[in-house]
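Hi,

Here is the structure we talked about. Please look it over; my notes on chain-level packing and domain contacts follow below.

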Amino acid sequence: MSSLPIPFLVLSFLTILCALYVVSSKNPVHSVLALIVAFFSISAHYVLLNAQFLAIVNLMVYAGAIMVLFLFVLMLLNLGKAAEPIKSNAWAISAAISAGSILLILTAAFQRSGEQVYRNPSDSVGLVKNLGKVLFGEYLIPFELSGALFIGAMVGAVLLGKRDSGDHESAALAEEKGENA
Amino acid sequence: MVLILLSLATALLSYLLGARLNRMTAFALALLPGLGALILGVGTVDLPWFSEHIRLTLAPNHWGLVMLVLTNAMVPLIVLAGWRDGVHFSLQVALTFFMQAALNGVFMAQDGLAFYIFWELALIPIYFLALRFSEGDRFAVTLKFFLYTFLGSLAMLASLFYLYSQTAVGDDGHHSFAYAALQAVELSSTEGFWVGLGLFLAFAVKIPLMPFHAWQSDTYTQAPAGGTMLLSGIMLKMGLYGLFVWFVALAPESLRYEFIADWLNFRDLILIMGLAGILYGAFIAMRQNDAKRLIAFSSLSHVGLIAMALLTLKSDGTNGAVLQMLVHGINAIGLFMVVDIVERRLGHRDLTQMGGFAKSSPLFAALTLIVVLGTVAVPLTNGFPGEFLMLKAVYNSGTGACGILAALTIVFCAVYMLRFFQLSFMGPEKQVLSPLSWNEKWALMLIAGMVLYLGVQPQVVVDFIQSNTEQWLNAIAESGGMLS
Amino acid sequence: MGLYALILWPLLGFAINGLLGSKLPKTVVGMIGTAAVLIPFVSAVSMWGAVQEGALVSRAFTFLQVGDLHIEFKLLLDRLSLVMALVITGIGTLIHLYSMAYMAEDAGFYKFFAYLNLFVFNMLILVLGANFMMLFFGWEGVGLCSYLLIGFWYHNPEFGYAARKAFVMNRIGDLGLLLGLFLVIQHFGSLDYQVVFSEVAKVSHPQWVYTSIAVLLFIGAMGKSAQIPLYTWLPDAMAGPTPVSALIHAATMVTAGVYLVVRSEALYALAPVARDLILYIGLATSLMAAFIGLKQNDIKKVLAYSTVSQLGLMFIALGCGAYSAAMFHLVTHAFFKALLFLGSGSVIHGMHHEQDIRRMGGLRKAMPLTYWTFLIGTLAISGFPFLSGFFSKDEILLHTFQHSPVVYALAVFSAGLTGIYMFRMFFLTFHGTYRNSHYPFEKVHESPALMTIPLAILAVLSVLGGLLNLPHYLTHNMAEGLAHWLAPLFVFGDASVHVEASTEWALLGVAVSVFAIAFFWMRHKYISQGAVAEEDADMPASGSVLAHKFYVDELYDSLFARPLQRLGEWMYRVLDRKGFVQGTDALGAITLWKARVAARLQSGNIELYLIIMVLAAALMLGLEMFA
Amino acid sequence: MNTVFQQVDISHYIYLSTVLFCIGLFGVLFRRNAIVLLMCIELMLNSVNLLLTAFSTYMGDSSGQLFVFFIMVVAAAEAAVGLAILVMIYRNTRSTTVNFLSNLKG
């Protein structure tokens, strides 16, 4: 333990810190930014683990695409300052207990499983060439299926995002006002 | 198989005919399964069903045959006079035929699972008939009826599965649902009790025996006439048939199960239930003004005696009980038919508002009187021989006080049935009944004919079932049951 | 065919009249009905000789055969059943004839004859049956016919109620009979008379068997023959047409109980306790009914109570073991009581349905034939010397004297009461002045010949009936004809009279003087003083109790009928509706309520779901790990 | 000797990703803003990704890394659909807090 390399320690510390900030920040925009930092540090972990291609993809997909999507939605809906109802302490405690018990159990499980040494390290598994071979060989069908999944998700997202033809926002607003009155 | 397929075919046909189905056609169709079976035989089969080991075995014993005769002879009469004309006639007839198919299956099945399936299948058409065509609070009443019987049936299913798991494993490494295999299972007393209890509950609810009768009077009263006839005339017999063939014969061990050491065993308990039902039903029937409810409670009283007699496990009592099952089917259908004929004309069935029908329709009065006398068990009507044998068996089986109390039924039955007859047919003429239509007349005449014929010649039936009964009783005695 | 000829004719008559009667003219219906009874009478007479040789048996088919129990549909004509059959068909024929005139106006004419024929059929089955089961068939069958005929004028709910009461009371008796039959089967293995009685004759069973069977059979007889406590139906049964009262409720059906006991003589011989029971119940019934009869004002009710009283007398004889004496009285009673009922019917007919003797009087002049025949009947029943009733009653009294002087005294007292109420009724009806303001005396008319001829025949029989069984002291050659005729049937034998001739003469003197006292007292009161029975209102307390029949009906009502009704009511409203039905509904309601509680967990609060999900996952993982 | 994974035991990666996972889980349970919720889910997915990659590298088996690709695919799809739903909900309720959505109440 004592001889853990500095980069690993720093990165881990940064990741956990950012994760905590994501959870605890009141402002969703801050959360998004902290999450992006966390993703960056995870990508750095990938580099340390010799999975360079994965690191790049992670940056592009998560930090790039997904998080931008989040930001976009946040700004679109102008939720930045939206006051989130504060939950009571009881909620915080019960949530902490639940998450804590999972943590406890997972670590305990690992402890009980005993020190199994995985030492068959290889520098080359993370290379694009190897990954490509396996992906288009062994995992070809799942790959194609994930393509189908994407199309489905895309269609779904478009359908959901699209306004119904008869649904005018003004009408919805009027209705809402009526309800309030 | 012939019977079931023909019934299903007639059901389908009458549904398809729709409004074109008239009463004569329906009656002809109703006769079809019975006649077909007379010509082709009932169609004993033994086919693999769910698997090679859960089979569709249809091979009625003699008791089952008697019940088949009842079913296939009575359904035409129910079709003839039980259902009213109207837009729903073909639907009602179709459901009746569907029910006929299921009932035929119940009385023929020689395989536990097949029995259970037919048993539940019979519930479906009557459920819809009661739901669609009942009066009053039909949803609540039908739901109660359905749930009550269904819960009982589930208990039976559990017991059947347990028995199945205890059957000997055959050469091919599988258990069996075959009747003989189920019967061969040896159970300990406690085991037997739980298995027996499950089976018993299903039958006790269907019969219904005294503490399980809460669904009965409301359902009988509010169901449409044809439905009530099916319920009381035939479906009730499923319970009694099951009680002996599928409960006593499969789990005779349970009868010896002691609740209170050496003092009250399961069999005594059932006898007490029967006795309680006899008196309870009779007392209540004496004060009913709703004709249908009166007959419903009289039915409770009569089946209590039948259950008692079955459980005497004596050849006379058991034979008498089977005979009475047939007879009660005929009489109950006859009585409900009478009430329905009156209700059709008056629009109500309040006995206090009736009177003097005998003047305007003497034929109707005479036919009703015959059916009433059959129910009262006057000698030379069909009710007498069975009741005589049953009371004799109960009285002679060592429980004298029980026997005397049970025999009070002949007094009480006279009280309430004659009250029924007197309030409706005698007294000052309050209403004039329009004459019977041809179908009502013929249906009642056929029933009255059966009442008289079986009253003079009960031996025809007794001869037919006797060897079967002996066989059962011996089997029960051998398998460690009790023959006191 | 054999004996079936006897019973099939009435059945045929029933079928024809019942099915086609409405379309046939009344005369034809009446002829058919009468012929259906007359033919069996003739054939029964013709079988007299054959029966003397030995009993005739004919078997038709097996009724029931289960295990060891074998019940045949079988007829037996022996000396006893021949006597019964002759009485039934003989008197039946006369009453059918009479009914043709009496019922001529009635719309239900054909139905009446159909029922009567059915009754005769059932009664013949009862007496001709060769086993207890056949007896039971007839037993219930006649009960049914009695029900139908009492309720013949069903438009009146009162009559319908009386009919129902009769049937139910009879059924209570039948219950006892049925239980008796079960015991017979259990112990003797058969219901066939020959088998059972030959078994009984071996005396191989414990005493209680005979006693309990005998008592149970007697309970059946109680119902049918209207003995205490099951007698209240018979007076109410007078709601039926008068010929019915004559045939069923006087001459034939009600004597079935006597027949049953005589038939089962072997059993009763072995059951002295049961015999004592019969004796005392008969005595009590006889006295009680006679007392009630003193204050009845309905002409038919008086006769009805007199019937109950006379039946009690027959049972007294049976209790003493004097079977032939009971049979003798049965026969003579059938003659004179049928005569009296038909006579009263003639009066009612002549008075246009007036039955209250306080509204009659002086009818002697208007209906002389009825008067004379009625007089003969009254004399016969009251024990006027050398008429039939005198001999038969006297023989019974003789037996009671032998049995116990106390019983004798009470029986004589009862016989005296008979004379009193009979002459009271007789004088009030036929003597004195006419007292009916609603129906002028001029309109009162003598009945047609069809009614008076049967009256005359019965009157002759009432006079000569004593010839059947004359006592020793009168003749030696013809004495005890009936007793000798019946003697071969009895297994253990009839009680015989073995008192001194002088004692017999003394007893005879007592009987005659009792009759004389009754006659002259009544004559004095109702003719010389011209007294009239009180109206209901101004009746003294003791008379009121009698007029209300000791309030027995009310007692039964409040003791059995009403509690049962209330019990039934309570069971339905409380136990069934509130208990079972609502209890079941409550089970459903509880399930629903539980479901609603469980549904609250499904709050729609996603966070809660999540926490529960996570905790459950933790729990499962933990269990997986640590368990 | 210069690669990190030869100096760091795999158990550290396991602990790290467990901690990350549980932080994400806590966020899911604690926060009410649906967008933050979705982000926490992404965090949890990433912790799993990290663990898979670590195992893959330590075992010299590239399947683990391929699983990560698939998870990314699913995560991307989920984010797209989830956000679309969110937008729609926002349109109807003017809010993205989850406790408005209690229509499933039984």
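Of the 484 residues in chain B, 63% count as buried. Keep in mind that this is a predicted model.

Overall build first. Chain B holds 22 helices and 4 strands. Its radius of gyration is 21 Å, close to the 23 Å that the globule rule gives for 484 residues, so chain B is as compact as a globular protein of that length. The C-alpha trace spans about 70 × 55 × 45 Å along its principal axes.

Contacts next. Take those in chain B between residues at least 6 apart in sequence: 79% of them join residues at least 24 apart.

The contact between them draws on 28 residues from domain 1 of chain B and 33 residues from domain 2 of chain B.

Which elements supply the domain 1 side of that contact? In chain B, α3 (62–82), α10 (216–222) and α11 (225–248) each give at least two residues to the side of domain 1 that touches domain 2. The largest share comes from α3(B), with 10 residues.

What is the make-up of that side, by nonpolar, polar and charged residues? On the side of domain 1 of chain B that touches domain 2 of chain B, 15 residues are nonpolar, 10 are polar and 3 are charged.

Best wishes

Methods:
Residues are numbered from 1 along each chain as its sequence is written. Chains are lettered from A and ligands numbered from 1 in the order in which they are written. This is a predicted model: local features need pLDDT of at least 70, side-chain atom pairs count only at pLDDT 80 or more; totals for chains, interfaces and linings use all residues. Two residues are in contact if their C-beta atoms, placed from the backbone, lie within 7 Å. Ala, Val, Leu, Ile, Met, Phe, Trp, Tyr, Cys and Pro count as nonpolar, Asp, Glu, Lys and Arg as charged, and the others, Gly among them, as polar. The radius of gyration is taken over C-alpha atoms; the globule rule is 2.2 Å times the number of residues to the power 0.38. A residue is buried if 20 or more other C-beta atoms lie within 10 Å of its own, exposed if 12 or fewer, and partly exposed in between; C-beta atoms are placed from the backbone.
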